[in-house]
Amino acid sequence: MENKKVQNPLKKVLIICSKGNLEDVYAALVMANGAVMEGIEAKLFFTFFGLDAITKKKMNNLRTATVGNPAMTMPGGIPFPTILGILPGVEAGVSIMMKKEMEKLDIPPVGEFLDMITAGGGEIFACKLAADMFKLKKEDLSEHVKDIITVGDLYALAAGEGVQIIFT
Amino acid sequence: MATTTIAGKEINVNDEGYLTDPTQWTKEIAIEIANEEGITLTDKHFELIEYLRNQHLSGVQLTIRKVGTSGIVDIKGFYELFPGGPLKKGSRIAGIPKPVSCI
């Protein structure tokens, strides 16, 4: 049986997540999980505010910005008023709504998502520079994290053919 | 779309090798497709294949998360049964379309 085969398939991806917003973290998680599901080796690296996604105390409370987020709209399509976004509880409320929509599409919470990625062989790393800056140690980070590494180690992880580095 | 012969039966497949008509599937077809993927099917595989087929035929959108909570395998087990693309390979062997899902 002749099947359509992908020419020069991707062998490995290194995904860097530098932001801590709900949507930015999930973009990186979906990309990493998608890679392992396709049999592509995946390494996921969190830096700066992305460390929130792998910090035990913060990983289940990620939020999306309701102030200064020009892409955010009200249901119905009109732009989200900044004056609404600054009110107490609005950021939390909108973030919860987004999480509910994701749950409907069977997208898991961050912890479970990391379980899925590591179950498929994906590896999770934290940036040493950012961890030092935020005074985080390995104990503060989720048990999914393989190691805290330097930028040199990061580039070593990207060695090989058929590798792509994706920055989110 | 093309017609090909697998396990002595003529069946319709798309250009990625997925059955276009799940009702044409038989266990022998599953075994032969699995051999192509380098997988030898065991009872556990068939248990999972039956689950995948039932979910698809009931119109449920399959995700890897669902399989992990199916009670038949956990996600690590799923990757062990169908290495290098569990949902992709599992669905092809099960004679159902490739799931259209990003998760």
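User: Before we start, how are residues numbered and chains lettered here?
Analyst: Residues are numbered from 1 along each chain as its sequence is written, while chains are lettered from A and ligands numbered from 1 in the order in which they are written. As the model is predicted, local features need pLDDT of at least 70 and side-chain atom pairs count only at pLDDT 80 or more, whereas totals for chains, interfaces and linings use all residues.

User: Ok, which domains does chain A have?
Analyst: The assignment, which is automatic or from a database, gives domain 1 (18–60 + 109–168) and domain 2 (65–108), and their centres, taken over C-alpha atoms, are separated by 25 Å.

User: And how many residues does each domain bring to the contact?
Analyst: Domain 1 of chain A brings seven residues and domain 2 of chain A brings five, where contact means that the C-beta atoms of two residues, placed from the backbone, lie within 7 Å.

User: Switching topic, what about chain A with chain B?
Analyst: That contact takes 16 residues from chain A and 20 residues from chain B. On the chain A side, H1(A) gives the most, with four residues; helices are DSSP runs of H or I with at least four residues, strands are runs of E with at least two, and both are numbered from the N terminus.

User: Last one: is Ala159(A) buried or exposed?
Analyst: Ala159(A) counts as exposed because it has 9 C-beta neighbours inside 10 Å; with C-beta atoms placed from the backbone, 12 or fewer others within 10 Å means exposed, 20 or more means buried, and in between is partly exposed.

User: Where does Ala159(A) lie?
Analyst: Ala159(A) lies in the chain A loop between helix H6 (151–157) and strand S5 (163–167).
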